[in-house]
Amino acid sequence: QVQVVESGGGLVQAGGSLRLSCAASGSIFSMNAMDWYRQAPGKQRELVASSTGGGSTDYADSVKGRFTISRDGAKKVYLQMNSLKPEDTGVYYCNAQGRSSLSRRFDSWGQGTQVTVAS
């Protein structure tokens, strides 16, 4: 079983910055992607930023140039969020995908961390 824990959310004024952290632990044989999603009130969960094991990254158009995803080894991922806007408000979730063994995959979610951007 793989556990994923996020931290670093909070309340910030528009234009401010926050850094989210995510750590995965448990039965991890290999890690592939670690991604950040967010869900605003009344909206579907959306992919914000992704990071593959090979080092490539991708971002939603709405956050390009403002957010940066980075990895620290295989089991930690960060999301640096700058120039925050009220529309960035939501619960941010970390998703980790990989293998628990040669024959078993995992796709695990954290519990989420609230980010609120005040105008």
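In this note, contact means heavy atoms within 4.5 Å.

1. **What you are looking at.** This is a predicted model, in which local features need pLDDT of at least 70 and side-chain atom pairs count only at pLDDT 80 or more, while totals for chains, interfaces and linings use all residues. Residues are numbered from 1 along each chain as its sequence is written, and side-chain values use heavy atoms, with hydrogens and water left out.

2. **Leu-79 and its surroundings.** Setting aside neighbours within four places in sequence, Leu-79 is in contact with Leu-18, Arg-19, Leu-20, Trp-36, Val-48, Ala-49, Phe-67, Thr-68, Ile-69 and Tyr-92. Leu-79 is also among the residues with the most contacts inside the largest nonpolar core, together with Met-34, Trp-36, Phe-67, Met-81 and Tyr-92. That core has 28 residues (a nonpolar core is a set of buried Ala, Val, Leu, Ile, Met, Phe, Trp, Tyr and Cys residues joined through side-chain atoms within 4.5 Å). Strand 3 gives the most to this core, with four residues. Strands are DSSP runs (E, at least two residues), numbered from the N terminus.

3. Four strands make up an open sheet in the order 1-3-8-7, with antiparallel pairing (two strands pair if DSSP finds at least two bridges between them). At the edges are strand 1 (2–7) and strand 7 (67–72), each pairing on one side only. Strand 1 and strand 3 share six bridges, with Ser-7 partnered by Ser-21. Six bridges also join strand 3 (residues 18–26) to strand 8 (residues 76–81), where Cys-22 stands opposite Val-77.

4. **Two faces of strand 1.**

5. Gly-8 lies in the loop between strand 1 and strand 2 (10–13) and counts as partly exposed, at 35% relative accessibility.

6. **A polar residue inside.** Asn-95 sits in strand 9 and is buried, with a relative accessible area of 2%. The Asn-95 side chain makes a polar contact with the side chain of Gln-97 (2.8 Å). A polar contact is a pair of N or O atoms within 3.5 Å; within protein, one must be able to donate a hydrogen and the other to accept it, and residues adjacent in sequence count only if both atoms are side-chain atoms. The backbone oxygen of Ser-108 lies 3.3 Å from a polar atom of the Asn-95 side chain.

7. **The salt bridges.** The structure holds four salt bridges (a side-chain nitrogen of Lys or Arg within 4 Å of a carboxyl oxygen of Asp or Glu). Glu-46 and Arg-38 form one, at 2.7 Å between the closest N and O atoms. Asp-88 meets Arg-38 in another (2.9 Å, N to O). Asp-88 lies in the loop between strand 8 and strand 9 and Arg-38 in strand 4, so the pair ties together parts 50 residues apart in sequence. Asp-88 also meets Arg-66 (2.8 Å, N to O), a link between parts 22 residues apart. Through shared partners, Arg-38, Glu-46, Arg-66 and Asp-88 are joined into one network.

Terms used. Buried < 20%, exposed > 50% of the residue type's maximum accessible area, 1.4 Å probe, protein only.
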